[in-house]
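The following exercises are to be worked with the coordinates at hand. Each task is followed by a solution in steps.

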Amino acid sequence: MNSFKDTFDTYNWDETLHSIFEKTESDVLNALENSKRDLEDFKALISPAAKPYLEQMAQLSSAITKKRFGKTMQLYAPMYLSNECQNICTYCGFSSTNKIPRRTLTDSEILKEVAYLKAKGYDHVLLVTGEANKTVGVDYIKNAIQLINTHFSNISIEVQPLNQEEYELLISEGLYAVLVYQETYHQQEYKKHHPKGKKSNFYNRLETPDKLGRAGIHKIGLGALFGLEDWRADSFFTALHLKYLQKTYWKTKYSISFPRLRPHSGGLDPKVEMTDADLVQLVCAFRLLDEDVELSISTRENELFRNNIVRFGTTSISAESKTNPGGYTIEQQSLEQFEISDERSTEEIASMLISQDIEVVWKDWENNWK
């Protein structure tokens with residue numbers, strides 16, 4: 001059965017990175033002038049040669065976003081259910097090597113978190129767990145979806161990769177979207193950061209979006225963790241992955257997230273720095289590549305950056321995020337997966353958006369709409 005692996009294996013990381021850095025001012029100007037842009041245009045737009053044209057890119061990105069999405073911003077909240085994990089990941093506070101208290105929420109604790117988020121106005125929720133088959137496997141996730149399905153119109157998950165049949169089961173229970181980040185598309189570096197556990201299987205993770213597409217999921221979220229490797233090459237492979245999936249599973253919607261490495265227990269310094277200007281350039285490049293893809297910025301980023309990026313292509317942001325199980329009401333002081341940067345309340349984020357004439361969208365999908 002064909003998968004993205006077949007496409008991915010035809011590319012070489014070093015050659016791809018070199019081709020990005022070879023892009024010229026002329027390539028950038030051509031990319032900006034094109035009404036339909038391809039992956040070569042995307043390379044030009046993320047290249048160093050595009051830096052002098054960041055303002056033009058931002059204006060184009062803003063105009064395209066307003067045309068496609070209007071002046072709106074979807075708000076969602078992550079809800080961490082468990083920090084139990086069998087993997088070793090160098091960049092994550094939940095890594096099995098970290099000697100931290102482990103916790104998995106009970107049904108009653110989940111409902112307390114739900115009540116808090118609902119009182120804030122959220123109707124889109126992202127359920128997050130560590131990767132531990134026996135503790136937070138498909139049965140636990142299924143139960144959690146069943147438990148909260150009547151409370152939210154939109155339920156997404158960011159958990160361990162599952163098989164197609166398991167995804168089909170969860171979809172039947174009301175699952176809307178799955179976020180599965182490759183972390184880095186550099187195969188050798190990927191192994192260094194995931195030396196043990198099921199996540200150490202590079203191709204298993206790479207092919208998970210294919211399983212989701214075959215299962216008929218409504219939306220797939222992609223992304224890389226910037227800081228592990230060169231952000232330009234990782235971004236190109238993310239775009240390559242996106243275009244493959246769109247062509248193969250054309251009924252499915254897609255989103256891209258842009259997490260940058262943040263402090264956590266155990267600590268890992270970024271190998272490659274990604275500046276704020278770099279991230280703005282990347283967000284705009286993705287919008288110029290694809291006017292339909294949803295672009296999301298989390299509370300990993302600081303207040304000033306988020307106040308500005310909402311005008312240049314972003315369509316979805318989280319607010320008041322807690323990255324530890326029970327962080328909203330149960331165990332507010334327990335260890336986080338990573339430190340957030342924008343700690344403003346939901347109300348403050350909503351007010352910031354309204355002040356910029358951006359409509360806050362709490363709900364844009366109803367499970368009963370088929």
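**Exercise 1.** State in which strand Tyr-76 is found and whether Tyr-76 is buried or exposed.

*Solution.* Step 1: Tyr-76 is found in strand β1, where helices (H or I, at least four residues) and strands (E, at least two) are DSSP runs, numbered from the N terminus. Step 2: with a relative accessible area of 14%, Tyr-76 is buried; buried means under 20% relative accessible area, exposed over 50%, and partly exposed in between (1.4 Å probe, protein chains only). Step 3: the C-alpha atoms of Tyr-76 and Asp-123 are separated by 7.4 Å, the two residues being 47 residues apart along the chain.

The model is a predicted one, in which local features need pLDDT of at least 70 and side-chain atom pairs count only at pLDDT 80 or more, whereas totals for chains, interfaces and linings use all residues. Residues are numbered from 1 along each chain as its sequence is written, and side-chain values use heavy atoms, with hydrogens and water left out.

**Exercise 2.** Characterise the second largest cavity: what is its volume, and which residues and strands line it?

*Solution.* Grid points are joined across faces, edges and corners, and a volume is the space filled by probe spheres set on the points. Step 2: there are 2 cavities of 30 Å³ or more in the structure, and the second largest cavity holds about 190 Å³ of space. Step 3: its lining has 15 residues, and Gln-74, Tyr-76, Leu-179, Lys-219 and Ser-316 lie nearest its centre. Step 4: at least two lining residues come from each of β1 (72–82), β2 (124–129), β3 (154–158), β6 (253–257) and β7 (294–297). With 3 residues, β2 gives the most to this lining.

**Exercise 3.** Which residues lie nearest the centre of the largest pocket, and over which ring does the charged end of Arg-68 sit?

*Solution.* Step 1: the largest pocket contains about 320 Å³ of space. Step 2: of its 17 lining residues, Arg-68, Phe-69, Lys-253, Asp-292 and Glu-294 lie nearest the centre. Step 3: α5 (54–69), β1 and β6 each supply at least two residues of the lining, and β1 gives the most, with 3 residues. Step 4: the charged end of Arg-68 sits over the ring of Phe-69, 4.7 Å from its centre; the criterion is NZ of Lys or CZ of Arg within 6 Å of the ring centre and within 35 degrees of the ring normal. Step 5: the charged end of Arg-260 sits over the ring of Phe-305, at 5.5 Å from the ring centre.

**Exercise 4.** How many aromatic pairs are there, and how are the rings of Tyr-11 and Phe-236 arranged?

*Solution.* Step 1: rings of Phe, Tyr and Trp (its six-membered ring) pair if their centres lie within 6.5 Å; planes under 30 degrees apart count as stacked, over 60 as edge-to-face and the rest as tilted. Step 2: by this rule the count is 17 aromatic pairs. Step 3: the ring centres of Tyr-11 and Phe-236 are 5.8 Å apart and their planes stand at 50 degrees, so this pair is tilted. Step 4: Tyr-11 lies in the loop between α1 (4–8) and α2 (13–21), and Phe-236 in helix α13 (residues 231–248), so the pair ties together parts 225 residues apart in sequence. Step 5: Tyr-11 is partly exposed at 34% relative accessibility, whereas Phe-236 is buried at 1%. Step 6: the rings of Tyr-190 and Phe-202 have centres 5.1 Å apart and planes at 80 degrees, so that pair is edge-to-face. Step 7: ring pairs link a cluster whose members include Tyr-11, Tyr-190, Phe-202 and Phe-236.

Key. On a 1 Å grid over the protein atoms alone, a cavity is a set of points where a 1.4 Å probe fits but cannot get out, and a pocket is an open set with protein on both sides within 12 Å along at least five of seven lines; lining residues have an atom within 4 Å of a point.
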